[in-house]
Amino acid sequence: MHKKITCNKDNLIIEAMQVINDNGIGVVFIIDNDERLYGIATDGDIRRALLNNIGLETKIGMIANRDFIYGFIDDTYETLAGKTSKRINTIPLLSKENKVIDYFRLPQDIYFPVAAPYLRGNEFKYITDAFLSTWISSSGHYIDRFENDFSQFCGRKYGIATSNGTCALHLALLALGIGSGDEVIIPDLTFAATINSVLHSNATPVIVDIEEDSWCIDPECIERAISPRTKAIIPVHLYGQPAAMDRIMTIANKHNLYVIEDCAEAHGALFNNQPVGSFGDVSCFSFYGNKILTTGEGGMCLTNSDKHRDAMQLLRDHGMSKQKRYWHEIIGYNYRMTNIQAAIGCAQLERIDQILHAREEYENYYVNELNECPNVTFQDSKLPLRKKVTWLVSMLLGSQADRDSAISKLQSNGIDARPFFYPLSTMDIYRNYLHSNKTSIGIASRGINLPTYADPAHLREIKRNVDLIKSAFE
Ligand SMILES: *Cc1c(COP(=O)(O)O)cnc(C)c1O
């Protein structure tokens, strides 16, 4: 504790004012000659005393508030937060001998970002290990371990770690030989990286509509969009919900199309008891800071095919021959992940069950609290065959106007709720690739994501602010 926060009850008001002025917390704790807490005076108390003609030379003990709230230095955050309020937001913390040794201040401006990484496992230990080993670039044992462990977690033979999820998608398209003149079918409702990766590989995206219940790509719309030039489908497991992989795989097999799963938002989700990422020819994950499992920036391609693995490894590493150094067989990329990123990923993956469970608790909590609000529909967690995971808790409101007003109410209270992605087909740069989009337009305009974390401590804070959150939906 560096700031002076106490003064003796025999000090003068003017001296107490000096302490408040210096400590900047708006309050001074007044102690007796045994250094025990005697009372509290805020800057407001002093101002009121002066207005009542009490002079600056009066002893501060005379105006001290003796009916005060305090905490103990060993109290938990929960206890202290429970003792404080918007009005009384700063309280003294006492030792067992009732001496003032610190203070607690309730954070004034609540702020819940929509996502925050949770790095309380072995993340720091493994980064430090990678750092001290000096293997901070794109080789090192954390890379191998992360590729092995993550591909195993998803039930696939090979993992190819990448710099981010967008280049994982690009790498998958390149490795499958998809390029100019080829069409790739993608859903209208997704993050732009899905379509950008198709455009980066010079192929033509074909945007199709989503299902009303799952919000994922609609297999019927896929079938209608297939042309002689169609080469691949990229289903996106949106907001943690698995796409209809049984029907999508049937269509792909029937028409001899590749499937690249975009699993960026659904680590650990299951379709028919099988992990997402284990269906397609190649599946792509993102480990960006707001994703279920994060490495800061990062991504991975998974495959069972030796041929596709080799192609992706070659493309990822400048197209350079593994046998002959500086001999380039194809025009490659530098899409590698660093050992430091992989170190974080290994630590995250160790706790994936805990992370998924904690996120689900957020969803259950929001569902319980907000289900009764008018026109609120949560993402469907009971669709047959699908076991979704919680990425960002997602819900629909009755109309776009309701949605927009709820978001602005939440945001003005420091709660960073977000609208769904805009349908790709509504943006000028992608409009030309539209095939069908009726359902996506309606759903995207009514959708909200609520703050969702893996840290159980944040949930307790959200619970304390539940009335604020509820009021936005009433
Ligand atoms: C986040 C995301 C990506 C891109 O991942 P980055 O690691 O940010 O490049 C791709 N697709 C979807 C659906 C995503 O949500």
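Predicted model: local features only at pLDDT ≥ 70, side-chain atom pairs only at ≥ 80, totals over all residues.
A polar contact is a pair of N or O atoms within 3.5 Å. At glycine 165 the backbone is involved instead, with a polar atom 2.7 Å from a ligand oxygen. The protein buries 93% of the 380 Å² that the ligand exposes when taken alone.

The shell around the ligand comprises 15 residues, of which Gly165, Thr166, Glu265, Ser286 and Lys291 come nearest. By class, this shell is made up of 7 polar, 5 nonpolar and 3 charged residues. Two or more of the shell residues are given by helix H7, spanning 165-175, and likewise by helix H8, spanning 193-200. The ligand takes up the space of the largest pocket.

Strand pairing was examined next. Strands of a sheet pair through backbone hydrogen bonds, either parallel or antiparallel. Parallel pairing is found between strand E8, residues 183-187, and strand E10, residues 230-233, which are joined by 3 bridges. Within this pair, isoleucine 185 is placed opposite isoleucine 233 of E10. Strand E10 also pairs in the parallel sense with strand E11, residues 258-262, over 2 bridges. Here alanine 232 has tyrosine 258 of E11 as its bridge partner.

An open sheet of 3 strands has the order E4-E5-E6 and mixed pairing. Its edge strands are E4 (71-72) and E6 (100-105), each of which pairs on one side only. Strand E5, residues 90-94, is paired with E6 in the antiparallel sense, and 5 bridges connect the two. One of the residue pairs is formed by leucine 94 and its bridge partner in E6, valine 100.

Another open sheet contains 4 strands in the order E16-E18-E20-E19, and its pairing is antiparallel. The edges of this sheet are formed by strand E16 (377-378) and strand E19 (418-419), both pairing on one side only. Strand E16 is joined by 2 bridges to strand E18, residues 393-396, and the two run antiparallel. In this pairing, threonine 377 stands opposite leucine 396 of E18.

Conventions. Residues numbered from 1 in each chain as written. Heavy atoms only, no water. Near = heavy atom within 4 Å. Polar contact = N/O pair within 3.5 Å; in protein donor to acceptor, adjacent residues only side chain to side chain. Areas by Shrake-Rupley, 256 points an atom, 1.4 Å probe, with all protein chains shown as cover. 1 Å grid on protein atoms, 1.4 Å probe; cavity = no way out; pocket = protein on both sides within 12 Å on 5 of 7 lines; lining within 4 Å. Sits in = over half its atoms within 2 Å of the grid points. Nonpolar A, V, L, I, M, F, W, Y, C, P; charged D, E, K, R; others polar. Pairing = 2+ DSSP bridges.
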